[in-house]
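Subject: Handover of a structure and notes on it

Dear colleague,

Please find below the structure that I am passing on to you.

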Amino acid sequence: MLMDTLIELIFGAIQAATMLIIAPLIIGIIRKFNALFQSRRGASIIQPYYELAKLFHKGQVISKEASWIFKVTPFISMTCMIVATAMIPVFIDVSLDFLGNIIVLVYLMAMFRFFMTLAALDTGSSFGGMGSSREVMISAIMEPTVFMCLYAMVVITSTTYLSGISAGVQSQLTNLSHPSIYIAFISFFIVTLAENARYPFDNPTTHLELTMVHEAMILEYSGKSLGLMEYSSWTKLTCFLALLVNIFFPWGIATSISWSAIAIGIASFLGKIIALALVIALIESSMSKFRLFKLPVVSWIAFSLAFMAVILSFL
Amino acid sequence: MYSWILFAGAIFFALAGAVISAILDKNPGACRKITYLFAIIASCFGIASAIAVLAGDEMGITLFATPSLGTLTFGTYALSMNGLGAFFMLVISLLVLVVSIYSIDYVQEYQGKYSTGLMGALYNLFFMTMALVITSSNCILFIIAWEGMSIVSFFLVVYERNKKESLMAGIVYVIMTHIGTACIIIAFLMMASISGSFDFSSFTQPAFKAALSPGMKDAIFILLLVGFGMKAGVVPLHVWLPMAHPQAPANVSALMSGVMIKTPIFMLIQVTFNFLGIGSGDVWWGIVIIIIGCISAILGVLYANVEQDMKRLLAYHSVENIGIIFIGLGAAVLFQALGLGEIAALALIGTLFHVLSHALFKGLLFLGAGSIQYATHTKNIEELGGLAKLMPKTSVYYFFGVMSIIALPPFNGFVSEWLIFQSLMLSVILTAIPAIQAFMAISIAILALSGGLAIACFVHTYGITFLALPRSEHARQAKEVPRLMHGSMAVLAISCLVTGLLSMFLISIFNVIVAPITGSSSIISGLNWIFMVPVVQNFAGFSPLLLCIVMLIILPLVYGISKFVGGKQKIEIADTWDCGTPINERNEYTATAFSNPINKVFTRVFRNKPRIEIIPSESPYIFKEKKYEANEKKLVIEKDFYEPLVRGIVKISQKMKKMQSGSISMYLIYIFIVLVLLLIFLR
C-alpha cells in the first residue's frame, strides 16, 4: 500500500512535470500547423516559452476595483491544473490515484473555471462579464457530455481511476475494437474544443468583443498574473489532450517500470498528441467560429454521441 | 439512559424560551438576548441527546397510553429516537445553535418594526416542533407535531405582515402544506387500519408487512411520497418553497431551507425502509423517486439561474439540492429492492451526507443573504456589487458556502455528491439489467448538468453581489455586520470545510446509522480516516484530506516560483480598461445579462418569448418607438401545470355555485338526498 503510494507519488510528480514542460510546446505546435495550413511560415514552435518568459519579466497593472478573488485566481488556477496533471497518466499507467478518481479531476477543472469566471467579473469591466457569462453557459451544457464520455470508459473497464482505465483499455486489446471507445472519443474531442476555447466554440486569437469568450475573461490580467493564467489554460488543453490519448487510446503506454517501456510511452504519447494538434489546427483552419447560440446544437450532438457510447458499452 | 432527560431538557428550554419571549415582548433589547439564549441552550441539549443516542443509548419516552376503541387502538403517545432520528436531531440542533447566535444581532433589523417577542416565541416553538416531528412515534402525535411545525413556520413566513407578498406566500404555503398533510393522514389511516394501532412500532412488525397487500403498499407509498414531497419541495410540488422561504426573516429561512425540508426526507426513509419494507417488486419506487429527483435538480437550478432575488435564488437551490437528495434516496430504494444492500447503504450514506452538507451550506448562504439584507436593505442582486471590499468577512464566509454548494473538492458538498455519483456508477458493476444501467446513466448526466448549472448560477450570484462596483446607493453604504452575525457564519463556513476534510470519520458514523436500515453496511475500505473506497475495491477512491494537503503544498510553491521567476516587478493600481471611459455602475455587466445565455439556451423551460411591440406612427416605414420585453418569466411548471389546474378549479367551483341557491328548502332537499343515498349504499 505504502509502496504503491510512493510509486504513484514519484510518477505523478514526473508526469506532472512532463505535462507542464510540454504544455507551451503543444500550443506552439498547433500554432505552427495553423500557420502552415494558412501558407504562412509562422513563429517557431517554442515561441510560447518566450511569451511566458516575457510576461514574467513585465510589471502588472491591477484594477483598483479588483478584490482578493482577482489576485488569488492565477495561483489557484495554476494549483488546480498542477494537481490535475498529476492525476492523469501520461507515459505510464500510474498516476496519483490516491487523491481521487475521474470525478475529482472533472471538479478540479471546474474549480479552475469557477475562479477564472469570477475573476473576470471582479474588475467590473463588461468584457469580463460577457466572457464569463458565455463561458459558464458553454461549460454547463458540456458537463453532462464530459461525464458520459468518461462513464462509457468506466463501464468498459469497470473502474473510475484514470490509470485504471488506461491500463484496462491497454491490457484488454479486444476492447480496442469496442465501438463505444471511438464514439466516446469523438464526443470527448468536441468537449476538448469547447472547454479549451478552440474553434468552433471560441476563437483563441480574437479580441473582438462580439466573439471573444476566453480572451474576454483574462483581459484585465497583465504581467506575471497573465503569464500564470495563460500557462494554466495551456496546461488545461494539454490535460484534455492527454485524457484523449490515454483514456481512449492508450497504445504504447508503459505498463511496467522499465526504461524501454517508458521510452516507448513517451514517444507514443508525443506522437499521438502531435497528431491531435494537427487535427485541431485542421479544424481551426477549415471552419469558422459558430454563433454562440448555435453551440447548444453542437453540445447536443456531442451528448448524443456520448450517450450512445454509454449504451453500447453495456453490451 | 440519560438521553431522554437531555431531550426533555431541549423541549423544556425551547418552550420556556417561547413563553419568556412572549412575556418580554415590551422590552425588545432584553427579549432578543434572552430568547435566543434559551434557543441556544435548548439546541445544546438537543445536540447532547442526539450524541447520547448515537453513542448507543436509544431513547424512548412514553408520555401516556390512550384507551383503545374497539379493534383500533390509538396506541401510546411516545417519543423515541433511533440512530437515524438522532442524526436528523443532530443536524437540526446544530443549525439551530448557530442560527440562534446569529439571530441575537440579526433581529435588531426588525426591532421597532415588528414584534420581536413574537418572532422569538415562534422561533423557539419552531425548533421544538421540529424536534418532536423527528421523535414522535405515534401517528396522531406525529400529525400534531407536523401540523405544529407547519403552522409555526406559516406564522414565521407571514411575519412581515404589512407586506403583500408575505401574505400571498403564506397562503400558498399553508394551502399546499395542508394538501400534503391530508395525503399523509390518509396514508396513516390506511396503515393503522391494517396494523390495528397508530403506533409506529406496530408498523415495523413483520405481521404488518405480511398483512399489507401489494396494491395497498403502493397506494400508501404514493400518498406518502406526495405528502412528504410537498413539504420537501420537489418539483412539481415546489411552488410554495420559492415564495415562502424568501419572505421569512433570514434566520428562519436558514432553518426552513436548511432543516425543515429535511424532516420529510427523514420520514421517507423511515416509511420506505422501516415501515413498508422494500421488496423485490418495489424497483419502480426507486425509479419514481430518482425521476422526481432529476426533474427537481434540473428545474431548481435552472430557475435559480434567472432569478434576481437573492433569497429566492437560494430557495430554488434548495429545490435543486432536495432533488439531489432524492436521487440518492431513490438509488438507495432501487438497490435495496434489487437486493444490493451494500450499494443501497452507500447511496443512503450519500443521501444523509448531503442532508448534512446542505443544512450547513444552505444555512450559511441564507445567513449570508440575511447579512447582506441587513447591511444594504435590499435582496435584489442587481442593486448590489462591490461587497467583497465593504463586507470582507461576510464575503469570505459566503464564498465558503458557495464553494461547498457548487461541490468543489474538498468541501462537504463535493463529498456528498461524490458518494451519490459513486453509488449511481456502481450500478454498472453490480446490476446486470441494461434498462437500469441506462437509467442510471441518464441520472448521472442530469446530476452532472445540474452541477454545471449550479456553478453558472453561483458565479453570477457571487460575482454580481460581491465583486466589481456597487450598483446602487444601498450597496455603496454597506458596512460589515455585527460580530455575532459574521461569527456564526464563520462557524458554518469552517464546518463546511471540516466536514469535507474529515468525511471519512463521518462516513464511519453514517455506516453505523444505515446498517440497521438497509440490513448491510457499505464496506468502505482502505486506510481509515484518509481514503474513501466504497463497496468495491479498485473501482473508486477519494481522499479529501490528501487532496487538500497536496493543494496546500502546491499553492505556496506556485506563489513562490512566480514571484521568483522574472524577479520583482512593478505592480500598478489603475482603472479598469473600459474603452477609454471611466468605469461606473452603469456600464457593468448585470445579473440579467449574465444569465441571458442560459435563459436563451433553455428557452423551453423558461417559456420566455421576447415580446416586441411596435408602436405605430404616421409613416408605415419609419417606426419611432418599439417596446421590447425580454424576460416575461413564465416557468414551465407554473404555466403548464398550475395555470390549467387553477383555471379548472375555478371553473368547477363556478359550476358548483349554481347549486348554492341560498334557499333553505333547496338545502333541505340536498340533505335529504344525501341521507337517502347513504342509507342505500352504506347500510
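This is a predicted model: local features need pLDDT of at least 70, side-chain atom pairs count only at pLDDT 80 or more; totals for chains, interfaces and linings use all residues.

Residues are numbered from 1 along each chain as its sequence is written, chains are lettered from A and ligands numbered from 1 in the order in which they are written, and side-chain values use heavy atoms, with hydrogens and water left out.

The interface

Chain A brings 73 residues to the contact and chain B brings 82 residues, where contact means heavy atoms within 4.5 Å. The buried area between the two chains is about 6,900 Å², and carbon and sulfur atoms give 75% of that area; buried area is the accessible area (1.4 Å probe) that two parts lose on being put together, summed over both. On the side of chain A, Y107(A), F114(A) and Y151(A) lose the most area to chain B, together 10% of what that side buries.

Between the chains, 25 residue pairs are in polar contact, both residues being at pLDDT 80 or more. A polar contact is a pair of N or O atoms within 3.5 Å; within protein, one must be able to donate a hydrogen and the other to accept it, and residues adjacent in sequence count only if both atoms are side-chain atoms. Of the elements in chain A, α5(A) gives the most to the side that touches chain B, with 17 residues; helices (H or I, at least four residues) and strands (E, at least two) are DSSP runs, numbered from the N terminus.

The count of salt bridges between the chains is 1, a salt bridge being a side-chain nitrogen of Lys or Arg within 4 Å of a carboxyl oxygen of Asp or Glu. K64(A) and D575(B) form a salt bridge at 2.1 Å, N to O.

Within chain B

S371(B) lies in helix α15, residues 341-376. S371(B) counts as buried because its relative accessibility is 0%; buried means under 20% relative accessible area, exposed over 50%, and partly exposed in between (1.4 Å probe, protein chains only). Residues touched by S371(B) include Y102(B), M391(B) and V481(B), not counting residues up to four places away in sequence.

Helix α11(B), residues 250-258, has 9 of its 9 residues buried, so the helix is largely enclosed by the rest of the structure.

With kind regards
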